[in-house]
Amino acid sequence: MWNQGCSQSSGETLSHKATSSKKAHLEIFPCTVSQLLTAPQLSNDCFTICDYELRQVSIVGIIRGFAPFVTNVQYAVDDMTGPPLNVKLWVNMEDSALMTVASPGMYVKVIGSLRSYNGQRSLLAMNVRRVKDLNEISSHMLEVVQAHMQVFRKVFDVNMNLTVVPKPDWSSGTRPQGVLPNGLSTVQGQVLHQIQVFSVHNDGISFHDLTRNLDNISIRDIRSSLAFLASEGHIFSTIDEHHFKAA
C-alpha cells in the first residue's frame, strides 16, 4: 500500500548509476509521464516516440506515494500530464538509510528505462534525485518541448499533443542546434566543454578562467550549471572548490 506524507525538497541523490544510451539522439531523453504511458510498444522493453527507440528517459514530478520493500522501493510520480507513473528503484542494505530521502510531497527528477509487466508500465530508475530548485520543474518541461521540436521537428500544443511538420534531411550528420548528445542544455554543454578542454591539466580549470572564457554567459548561469554538472557526476573539483575537471 502506498504510504502518504510530506516533506521539503533538497538536492540529495538516491542512486548515481546511469549508463549511456543510444538511438534517440539524446542519451537521456526528457519526457512527460503522459508520453511514456502512451508511447508505442514494439516489444516487452522497447518503446518508441515518433519512430525513435527510447533508451534512458528523464521525468520530473511530485511523489504521490511510496512502497518500500526489502530489495526495492516503488514511488508513484506525478507530473500532472497523466496518471502517476510507478517508479521502481532497486536498493541494497547500504542504500536502505536513504529511503527517507524522498517521500510523498517531494519533487524529484528520475532517470531510468521504461518497462512493461502484465500490461502495467513503470520506470526502472537508475537515478532518483530530489529537486532542490523548483525552477527545475519548468526547466524540464521546456527541455521536453525543445528536445522534441529540435530532434523530431514536431510542434506541441498546450496539451503536449503533436502536430507533424516536414522532417529535415540529416544526411549531412549535423545535429540540430541546442540539442546535445548527453541531454544537457546549451549553457550546461558549453560549461562542460570548457572544463573538458582544460581537463588535460592536473588542476583542471579555475572558476575565474571559466567565467573569462565564457563571458557571454552570466556568472549566475555558470554557477548553476556547475552545481548541476557536479550533482550529475559530469565534473568534480580538484585542488579546491574553485577548480574543476571533467569526470
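Reader: What kind of model is it?
Author: It is a predicted model.

Reader: OK. How many helices and strands in the protein chain?
Author: The protein chain has 5 helices and 14 strands.

Reader: And what share of the residues counts as buried?
Author: 44% of the 247 residues.

Reader: What about contacts between residues 24 or more positions apart?
Author: Take the contacts in the chain with a separation of 6 or more. Residues 24 or more positions apart make up 61% of them.

Reader: Sheets next. What is the strand order in the one with β3?
Author: β2-β3-β4. That sheet is open, has 3 strands and pairs antiparallel.

Reader: Which strands stand at the edges?
Author: β2 (41-43) and β4 (52-53). Each has a single partner strand, so one side of each lacks a neighbour in the sheet.

Reader: Take β2 and β3. How many bridges?
Author: 2 bridges, in the antiparallel sense, with β3 covering residues 46-49. S43 has C46 of β3 as its bridge partner. Q41 sits opposite F47 in β3.

Reader: And how many residues are in the hairpin that joins them?
Author: The hairpin runs from β2 to β3 through 2 residues.

Reader: Now the other side of β3. What joins it to β4?
Author: Again 2 bridges, and β3 and β4 run antiparallel. T48 has E53 of β4 as its bridge partner. These two strands form a hairpin with 2 residues between them.

Reader: What is the phi of C50 in that turn?
Author: It is positive, about 55°.

Reader: Are the faces of β3 covered or open?
Author: Both are covered. C46 and T48 are buried on one side. F47 and I49 are buried on the other.

Reader: Good. What about the sheet with β14?
Author: It is an open sheet of 3 strands, ordered β12-β14-β13, with antiparallel pairing. β12 (205-206) and β13 (235-237) are the edge strands, each pairing on one side only.

Reader: How many bridges join β13 to β14?
Author: 3 bridges, with the two strands antiparallel. β14 spans residues 243-246. Within it, A246 is the bridge partner of I235.

Reader: Switching to loops. Where is M80?
Author: M80 is in the loop between β6 (72-78) and β7 (85-90). Its phi is near 75°, which is positive in a residue other than glycine.

Reader: Is M80 buried or exposed?
Author: Exposed. M80 has 52% relative accessibility, and the cut-off for exposed is over 50%.

Reader: Where does N118 lie?
Author: N118 lies in the loop between β8 (107-117) and β9 (120-130). N118 also has a positive phi, near 55°, and is not a glycine.

Reader: And why does N118 count as exposed?
Author: N118 counts as exposed because its relative accessible area is 67%, and anything over 50% qualifies.

Reader: What's the place of V70?
Author: V70 is in the loop between β5 (56-68) and β6. V70 is exposed, at 74% relative accessible area.

Reader: How far is V70 from N92?
Author: Their C-alpha atoms are separated by 8.1 Å. Along the chain, V70 and N92 are 22 residues apart.

Reader: Last topic, the largest pocket. What's its volume?
Author: About 790 Å³.

Reader: Which elements give two or more residues to its lining?
Author: Three helices do: α2 (135-152), α3 (186-197) and α5 (219-231).

Reader: How many residues line it, and which lie nearest the centre?
Author: 25 residues line the largest pocket. E136, S139, Q188, S224 and F228 lie nearest its centre.

Reader: How does the lining divide into nonpolar, polar and charged?
Author: The lining has 12 polar, 8 charged and 5 nonpolar residues.

Terms used: Residues are numbered from 1 along each chain as its sequence is written. This is a predicted model: local features need pLDDT of at least 70, side-chain atom pairs count only at pLDDT 80 or more; totals for chains, interfaces and linings use all residues. Side-chain values use heavy atoms; hydrogens and water are left out. On a 1 Å grid over the protein atoms alone, a cavity is a set of points where a 1.4 Å probe fits but cannot get out, and a pocket is an open set with protein on both sides within 12 Å along at least five of seven lines; lining residues have an atom within 4 Å of a point. Grid points are joined across faces, edges and corners, and a volume is the space filled by probe spheres set on the points. Helices (H or I, at least four residues) and strands (E, at least two) are DSSP runs, numbered from the N terminus. Ala, Val, Leu, Ile, Met, Phe, Trp, Tyr, Cys and Pro count as nonpolar, Asp, Glu, Lys and Arg as charged, and the others, Gly among them, as polar. Two strands pair if DSSP finds at least two bridges between them. Buried means under 20% relative accessible area, exposed over 50%, partly exposed in between (1.4 Å probe, protein chains only). Contact means heavy atoms within 4.5 Å.
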